[in-house]
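Student: Could we go through this model together, one feature after another, and could you give me the general idea before each case?

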Amino acid sequence: MTRGIQCVRAEGEEPDINALVTGLNQAFAQFKTKHQSEVDDLRRAIDEQATQAAARQMNGNHDPNAAKLDGGGVKVLRTAAEFQAHYAGKSEGREEGPSLQDFMRGVAGMKSTDAVLASMSTGTDSAGGYSVPTKTMPGILSALVPASSLMQAGAGIVPMEAGAKSVTTAAIDTIPTASWRAELGNVAESDPSLRAVTAAPKSLACIVRVSRELLADGTDVDRALRLTIAQAFAKELDRVGLMGSGTAPEPRGLRNTSGINIVSMGTNGAALANYGPLLSAHSPIIAANAPAPTADIMAGRTLLDFEGLEDTTGQQLRRPRMIETMQFLPTSQLPVNVTQGTSTDTSEIYVGNFSGLYFLMREAISVQLLREAYAKTGEIGFLCHVRADVVINYPQQFAVITGVKPAV
């Protein structure tokens, strides 16, 4: 055995160690390249599946007619046409549904058509109400837009499937910092960029009272009902979207969201003398590389004070070029008696690109009959409720000007 080994060594050539090492290195490099590519492909596939799963959770089945905005997977509806397109996809080609007046007649047990009876197949009055038909919902939501300052400023509604109890979306905290790197050098780290925001729709309700005779025989009642319900919800959605405390059961609004920029008019506040505070509100938004502001939401008193600004010649003060095309939108939901320092009569102005705010909302409003509450007055009461929450994508794209006192 020993002689055999020695013989082989004697007859063979001395191995080339350098060539052997080079060959091994090349083999390892090829192995790494091949399997790294497979790992990268697998990671991309997992990320794609996760994205699609999140989109399905938010939107249900894909609707090609719905608006595709804000991140590809989230459908944000902002206009009457988008509401119509979304709910048209949900109606599955069924015939024209009942009017809101006819639907509420059916809920009240008054005369009903086949269309009304079919629409009432979803839900029971004793279990929390009947869902407003998909053919009827766009009319209510379309009436909501002009009644809501936030919706006029660009905020939208993301419809949520009835089965989901909460939805987790990604919010931007900071824009990552890019840096140049040398070959084989480390990449400089920056602050975390994204965080998870879990939205859990909360119940918002109002009571609508209407006389039995008007509901049965009145004309133009359908329009009045749409406006009444839409305006009631719009005003409260405006308030919580701007100032919601976040303390259950109230959603958290802009004012109480971490990361919002605050611009103060001073320790005790001050009256508006020019457009300077609005330009000051732009500064931290620009510094955060956030989308440029497109609207200012303020109390009606503040809007009138802006309109009354004059230059030294008594002419109306012209807006600076940066803000001359911005929307100035009044709302009755911002108080004018906020305490700042020794002042008790201040208000606030909300500045930003409001496309970064939306309401996560269940797709249907529910209507429940209040049978006895108003029987003595000959009225019928309806408890209308919807489930909604506020989602803010990038807090730093908003600023709040505090301490705005009335003009002297």
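**Burial and salt bridges**

Tutor: Helix 4 (residues 100-107) is mostly covered, with 7 of its 8 residues buried, where buried means under 20% relative accessible area, exposed over 50% and partly exposed in between, with a 1.4 Å probe and protein chains only. Helices (H or I, at least four residues) and strands (E, at least two) are DSSP runs, numbered from the N terminus. This is a predicted model, in which local features need pLDDT of at least 70 and side-chain atom pairs count only at pLDDT 80 or more, whereas totals for chains, interfaces and linings use all residues. Residues are numbered from 1 along each chain as its sequence is written, and side-chain values use heavy atoms, with hydrogens and water left out.

Student: Which residues in helix 4 are buried?

Tutor: They are Leu 100, Gln 101, Phe 103, Met 104, Arg 105, Gly 106 and Val 107.

Student: How many salt bridges does a search of the whole structure find?

Tutor: Side chains of opposite charge can pair when their charged atoms come close. The search finds 9 salt bridges, each a side-chain nitrogen of Lys or Arg within 4 Å of a carboxyl oxygen of Asp or Glu.

Student: Where do Arg 239 and Glu 236 lie?

Tutor: Both lie in helix 9 (residues 221-243), 3 residues apart, about one turn of the helix, and their side chains meet in a salt bridge of 2.8 Å, N to O. Arg 239 also forms a salt bridge with Glu 250, the closest N and O atoms being 2.6 Å apart.
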